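Below are some notes on helix packing and model confidence. Please read them alongside the coordinates.

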Amino acid sequence: MDRREPSQEMRGTLAPCLVALGLILLAFWVSDVTPGQPVPEEQPWVAPLRAVDEALARQSVSASERLWHDAYGHAVASRRWDGMVAVGDASLRIGRLAGRRAAAEARARQAYLVALYRARQQQAVEGALRTAQAFADLGDREVAEQCLRVARDLAAQAGDAEADARVRALAGRLAAR
């Protein structure tokens, strides 16, 4: 039996996949926010994301990517869904400027999935709705519908008629597309 070591090419493609998987697992591991937990006025990912947008305004892709990683780290550590949505959105802005849409969308999808997981855990209908909108904007109707199901379930569990109305309104807008 001929046993060969993995080729350099295979190791080169495996490493980024393992890093991405590690980041996703880290996000799930630290995402145990208690509902009703006090929230600081400005979240720690906000300042780095402002700096990302300033770098983008200067057309500095490399600076915006470095700053994005800082914001991502803060969003992961915050254990909140809204930080993950914000870094997902920022990834898309960077990808548009850099001309690397596919990579930016992949990073955004990962962030949005973590946001959905956290929204469900935190019983945040708004988080599930925001991720549904994000996936719909990416053209991923199937995942957007799954997000809407989560939002619908959360609204029903809370017995919140206003939240249920927001879910139905977004579902109607997405269906009309």
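1. In this predicted model, the axes of α2 and helix α3 (residues 61–78) approach within 8 Å and cross at roughly 165°. Axes are lines fitted to C-alpha atoms, for helices over the stretch in contact, with angles from 0 to 180 degrees between N-to-C directions. Helices are DSSP runs (H or I, at least four residues) numbered from the N terminus. α2 is therefore roughly antiparallel to α3 (angles over 145 degrees; under 35 counts as roughly parallel).

2. From α2, the residues P48, L49, A51, V52, A55 and L56 meet A63, S64, L67, W68, D70, A71 and H74 of α3 (contact: heavy atoms within 4.5 Å). Ten of these residues are nonpolar, two polar and one charged. Nonpolar covers Ala, Val, Leu, Ile, Met, Phe, Trp, Tyr, Cys and Pro; charged covers Asp, Glu, Lys and Arg; the others, Gly among them, are polar.

3. Helix α2 (residues 46–57) also packs with helix α4 (residues 81–98): their axes come within 11 Å and cross at roughly 10°. That makes α2 roughly parallel to α4. L49, V52, D53 and L56 of α2 touch A86, V87, A90, R93, I94 and L97 of α4. This contact has eight nonpolar, no polar and two charged residues.

4. The average pLDDT (the predictor's confidence in each residue, from 0 to 100) is 84, and 77% of the residues score at least 70. Residues 25–40 fall below 50, and this stretch has 21 contacts in the model beyond near neighbours in sequence.

5. On conventions: residues are numbered from 1 along each chain as its sequence is written, and side-chain values use heavy atoms, leaving out hydrogens and water. Local features need pLDDT of at least 70 and side-chain atom pairs 80 or more, while totals for chains, interfaces and linings use all residues.

Note on methods
Helix = DSSP H or I, 4+ residues; strand = E, 2+ residues; numbered from the N terminus. Parallel < 35°, antiparallel > 145°, perpendicular 65-115°, else oblique.
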